[in-house]
Amino acid sequence: MATAEDVISIALGEVGYSRYNDPRTGTKYGRWYAQLTGDSYYAQNDVPYCAIYVSWVFAQANQTCAGLPGAYCPDMLDQAERAGATIPVSQARAGDLVYYDWNGGESDHVGIVIANHGSYLEAVEGNTSTGSGSQTNGGVVARRKRSLDYVCGIVRPN
């Protein structure tokens with residue numbers, strides 16, 4: 001079983017990946033997920049991939065986590081809650097999954113926690129932006145710092 005450091009190392013190794021620079025159709029994560037599930041939809045262009053990216057990282061690390069693999073944040077977080085794998089935000093630590101809700105509805109986005117700084121979390125996220133662009137469909141893998149105000153769930157891997 002991988003350690004949190006293994007998961008984070010793999011996640012950080014993907015920082016800078018951009019679907020816009022990928023010479024093939026879709027994303028490398030979507031192509032992997034399409035092969036895994038047998039559903040070619042995920043290998044197409046413009047498929048949101050934050051959840052698929054997280055699933056890919058955990059698969060590369062041979063690490064399991066409730067809700068993974070998955071492609072839809074609300075379902076993944078629901079599965080983790082049913083499995084009893086969610087923890088309070090204050091207990092988030094490196095290697096946990098962090099789910100975000102931008103507008104008071106359901107989970108919109110997911111990343112892998114790098115550090116808990118008390119008032120904000122630092123995470124590696126797929127399909128985000130490096131600045132003020134789209135946070136849930138920005139097309140790149142990036143390190144992000146986000147206020148706890150946006151966190152709607154923390155999941156501790158197995």
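The model is predicted, so local features need pLDDT of at least 70 and side-chain atom pairs count only at pLDDT 80 or more, while totals for chains, interfaces and linings use all residues. Residues are numbered from 1 along each chain as its sequence is written, and side-chain values use heavy atoms, with hydrogens and water left out. Helices (H or I, at least four residues) and strands (E, at least two) are DSSP runs, numbered from the N terminus.

Helix packing comes first. Helix H1 (residues 4–13) packs against helix H3 (residues 50–60) at an angle of about 125 degrees, and their axes are 9 Å apart. Axes here are lines fitted to C-alpha atoms, for helices over the stretch in contact, with angles running from 0 to 180 degrees between N-to-C directions. H1 and H3 are therefore oblique to each other; angles under 35 degrees count as roughly parallel, over 145 as roughly antiparallel, 65 to 115 as roughly perpendicular and the rest as oblique. The crossing of H1 past H3 is right-handed, a term for a near helix turned clockwise from the far one by less than a right angle, with anticlockwise giving left-handed. On the H1 side, Val-7, Ile-10 and Ala-11 do the touching, and on the H3 side they meet Tyr-53, Trp-56, Val-57, Phe-58 and Gln-60, where contact means heavy atoms within 4.5 Å. Sorted by class, the contact of H1 with H3 has seven nonpolar residues, one polar and no charged. For that sorting, Ala, Val, Leu, Ile, Met, Phe, Trp, Tyr, Cys and Pro count as nonpolar, Asp, Glu, Lys and Arg as charged, and the others, Gly among them, as polar.

H3 itself is mostly covered, with nine of its 11 residues buried. Buried means under 20% relative accessible area, exposed means over 50%, and partly exposed sits in between (1.4 Å probe, protein chains only). The buried set of H3 is Cys-50, Ala-51, Ile-52, Tyr-53, Val-54, Ser-55, Trp-56, Val-57 and Phe-58. Helix H2 (residues 28–37) also has buried residues, namely Tyr-29, Gly-30, Arg-31, Trp-32, Tyr-33 and Ala-34. H3 and strand S5 (140–147) are included in what covers them.

Next up is the loop between strand S1 (86–87) and strand S2 (97–100), which holds Ala-94. Ala-94 is partly exposed, at a relative accessible area of 30%. Setting aside neighbours within four places in sequence, Ala-94 is in contact with Ala-4, Ile-8, Val-113 and Ile-114. Asp-96 lies in the loop between S1 and S2 too, but counts as buried at 1% relative accessibility. Its side chain makes a polar contact with the side chain of Arg-156 at 2.6 Å, and a polar atom of that Asp-96 side chain lies 2.9 Å from the backbone nitrogen of Arg-93. A polar contact is a pair of N or O atoms within 3.5 Å; within protein, one must be able to donate a hydrogen and the other to accept it, and residues adjacent in sequence count only if both atoms are side-chain atoms. Residues up to four places away not counted, Asp-96 touches Ile-87, Gln-91, Gly-111, Ile-112, Val-113, Ile-154, Val-155, Arg-156 and Pro-157.

Asn-116 belongs to strand S3 (residues 109–116) and counts as partly exposed at 29% relative accessibility. Beyond four places in sequence, Asn-116 touches Val-89, Ser-90, Gln-91, Ala-92 and Leu-121. The Asn-116 side chain reaches the backbone oxygen of Ala-92 at 3.1 Å, and one of its polar atoms lies 3.4 Å from the backbone oxygen of Ser-90.

Most residues other than glycine have a negative phi, and most peptide bonds are trans. Asp-46 is not a glycine, yet has a positive phi of about 65 degrees; Asp-46 sits in the loop between H2 and H3 and is exposed, with a relative accessible area of 58%. Asn-62 likewise is not a glycine and has a positive phi of about 55 degrees. Asn-62 is found in the loop between H3 and helix H4 (73–82) and is exposed at 59% relative accessible area.
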